Amino acid sequence: MEKQKKIGVFSLILMIFSSIYGFANTTVAFDQMGYASIIWYILAALLFFLPSALMLAEYGSAFKEAKGGIYSWLAGSIGEKWAFIGTFIWLSSWIIWMLSTATKVWIPLSTLISGSDQTQTWSFLGLSSTQTVGLLGIIWILAVTFFASRGVKSIARISSIGGMFVMFLTALFFVASIVILFLNGGQLAELIDGVHSFAASPNPQFSSPMALVSFITYAVFAYAGMESMGGITDSMDKPEKTFPRGLIISTIAITIMYSLSIFLWGISTNWTAVLGKNQVNLGNITYVLMNNLGLELGKAMGLSGATAITLGHLLARLTGLSMFMAYLGSFFVLIYSPLKSFILGSSPNLWPKKMTKLNKAGMPAYSMWIQAIVVAVFIFLVAFGGSAANQFYLILTDMGNVSTSFPYLFLIGAFPFFKRRQDLERPFVIFKSRFWTDAIVTVVMIVLIGGIGFTCLQPIMEHDYMTAFWTIIGPIFFGAVAWIFYRGAQKRSTSVDSANEN
């Protein structure tokens, strides 16, 4: 039997990098905080990404035989009840991602067709542009669920092509930015005013101390996804050395890439001139910046105004094509993968019988349709709630950031309980001192609670109660649903026991 090739340091770095680094995160960071986002990304890497990834690696190595992913980790640390609720909230982060992406996917499609985002001009049967995009989002989620529940997986391969395009875009962005800087004699479009530029945001929405602290959830979101790496330590060559080494190198590399990318946007983009407009929102920011990059590159090269505009539209269309393919492929995987792994990895007694059944295609079709209906209802309520495009995409982004950050409260909070178990075989151990384990867990928890808390409090302080409601509702709603499911399972179990006794 051929010996399976083990994962080395270099392969691990590539895996971590491809799972974590997101090109679109840099455009959102520059839009929200300008150069000031760099310091928050560095702090998030040191105070969240590195310590939490090491904790997840310990979970993964100790529970390497478990098939339930983070559910198994939590169940083995804090018990079945909180594991079920915590994992249900983790599942909700993917549901919120679907909610957000089902409406954002039309922006790259519009940009591909028109050369710029025209979704704000779309209208159907007298509906506003936000309502029209919401309606299209509902059609999207229902159509993808229909095909995916019947086992149509081949389209998921498109995501790898989209991923290669996005890598190409990242390289193109770096080269174009350096060329513009060189041709403009080292002049930045967004001027640096000493330390102030790296401490204060040009965005008036992030001028208060509370808003600044709330940005930590954007940075945490940018580094999220390491839980998928925790289960591969048994496939590594000398994991006790390979994983920490690969992780530390990856943390440094990803932090530098994020920081450098944010800085490079300042070469081609003046925040006030380009981003301080009503037409720019968190849904179309990447396409606006890439369009502007092409325009500024054309100007720097001495091309005519019309040619520079064409170059801008070309880069925007290329970005639209790349992101649309990446979204399309990812959607066909994420519509069933997290849901299926959670249902099959947890006790079937915790679910109503219909939700655990797989159809002929091996899909939990009934559960997928419930998921689709929940997403469709949420899209309808947010889109038809009277929000303009700017607020609509801000709500979706804040919902995504909070729902993605929230499950880490369970994973990190459960870690000291996991460390106190004496009956586990631990092939990979980094945290050897109980004092330092508790201290580091406390720091990470403060970062998470502070970021989530301030993100939820900021709109309340500004009397923007609609944004506040939708930002908070995700984890609360899905946590409550999980609790109801668990209580129902307990009652069914009690009834069965009573019947057996009689």
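Which residue forms a salt bridge with Glu-58? The partner is Lys-419, and the closest N and O atoms are 2.8 Å apart. A salt bridge here is a side-chain nitrogen of Lys or Arg within 4 Å of a carboxyl oxygen of Asp or Glu. Glu-58 lies in helix H3 and Lys-419 in helix H20 (residues 415-419), so the pair ties together parts that are 361 residues apart in sequence. Helices are DSSP runs of H or I with at least four residues, numbered from the N terminus.

This is a predicted model: local features need pLDDT of at least 70, side-chain atom pairs count only at pLDDT 80 or more, and totals for chains, interfaces and linings use all residues. Residues are numbered from 1 along each chain as its sequence is written, and side-chain values use heavy atoms, without hydrogens and water.

Buried means under 20% relative accessible area, exposed over 50%, and partly exposed in between (1.4 Å probe, protein chains only). Glu-58 counts as buried because its relative accessibility is 1%; Lys-419, at 19%, is buried as well. Another salt bridge joins Arg-421 to Asp-423. There, Arg-421 is partly exposed at 25%, while Asp-423 is exposed at 56%.

Key
Helices (H or I, at least four residues) and strands (E, at least two) are DSSP runs, numbered from the N terminus.
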